[in-house]
Amino acid sequence: MSAPLIGILGYRLAAGRVSLWPWGGFAVPEGYVQAVLRAGGVPAILPPTALENVTAADLVARFDGIVLAGGGDVEPHRYGQEPGGSLYGMDAVRDGFELEVARAAAANDVPTLAICRGFQVTNVAFGGTLHQHLPDVPGTGPHGTPPADEGVLHEIAVRPGSRLAMVTGGLSVKGQSHHHQGLDRLGDGLVAVGATDDGLVEAIERPGWRMTGVQWHPEESAAEDPQQQALFDALVADARG
């Protein structure tokens, strides 16, 4: 078959975010695109917009695979909470778009890799909740302070027998993290398959749906770390059918 088409859900950029542009835009960090290309896929950026001219199901049906990328916080009302402090980068349109796409991808068995914010979006899409600010959670170690820090390099223990263990070829991976939020209650049907030594869930899977979600940023080190590139390789392999 031809190279699989992989939809990468993008960021909304405010006017002035791009130098010399007086208008807004849509984008994704280069690492996502390069990792999909190395895996043999064709990347296409999907801008977060209101689903007015197409249903989420019809949209995802046009792609062989989906990447839910990183970004700002999900609005707390999406998981039944009032906003606390330290929230950043919330975007109601992006939230609505990505939650619908995540559910549609599951319903239509479209291979999906959910990363950082995308990992959290996936949990919320299936009824899960989030810790709004990890420094407020007793016993939780540092996980980075987005959006503009160097991050924290974590070792994640991987559940034996999980798809993540099969894909990465081991029972531990090292991931670069930039997140001040994390999973609290798991969404319906999701299984925790990776965690840091403080007990925070860092990887999930949904049995019966070709989906892996990771809280860290594999695209940042995929060019040098075969375990991180393997996540994108597996996505594209699944997308081939």
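Let me start with a term: a nonpolar core is a set of buried Ala, Val, Leu, Ile, Met, Phe, Trp, Tyr and Cys residues joined through side-chain atoms within 4.5 Å. Buried here means under 20% relative accessible area, with exposed being over 50% and partly exposed in between, using a 1.4 Å probe and protein chains only.

Before we go on, please keep in mind that this is a predicted model: local features need pLDDT of at least 70 and side-chain atom pairs count only at pLDDT 80 or more, while totals for chains, interfaces and linings use all residues. Residues are numbered from 1 along each chain as its sequence is written, and side-chain values use heavy atoms, leaving out hydrogens and water.

So, the cores. The largest one has 32 residues, and those with the most contacts inside it are Y32, I115, W216 and F232. At least two residues each come from β1 (5–9), β2 (11–13), α1 (30–38), β6 (112–115), β8 (152–158), α5 (163–168) and α6 (226–239). Helices (H or I, at least four residues) and strands (E, at least two) are DSSP runs, numbered from the N terminus. Which helix gives the largest share of this core? That is α6, with seven residues.

Let's look at F232. Beyond its neighbours within four places in sequence, F232 is in contact (heavy atoms within 4.5 Å) with A35, V36, A39, L113, I115, P218, E219 and A222. Apart from this core lies another, of 31 residues, including A56, V74, V101 and F119.

Now for the charged side chains. A salt bridge is a side-chain nitrogen of Lys or Arg within 4 Å of a carboxyl oxygen of Asp or Glu, and by this rule there are nine.

R117 has another partner, E98, at 2.9 Å, N to O. E98 is in helix α3 and R117 in helix α4, 19 residues apart. E98 is buried at 0% relative accessibility, and R117 is buried too, at 1%. Through shared partners, salt bridges join E75, R78, R94, D95, E98 and R117 into one network.
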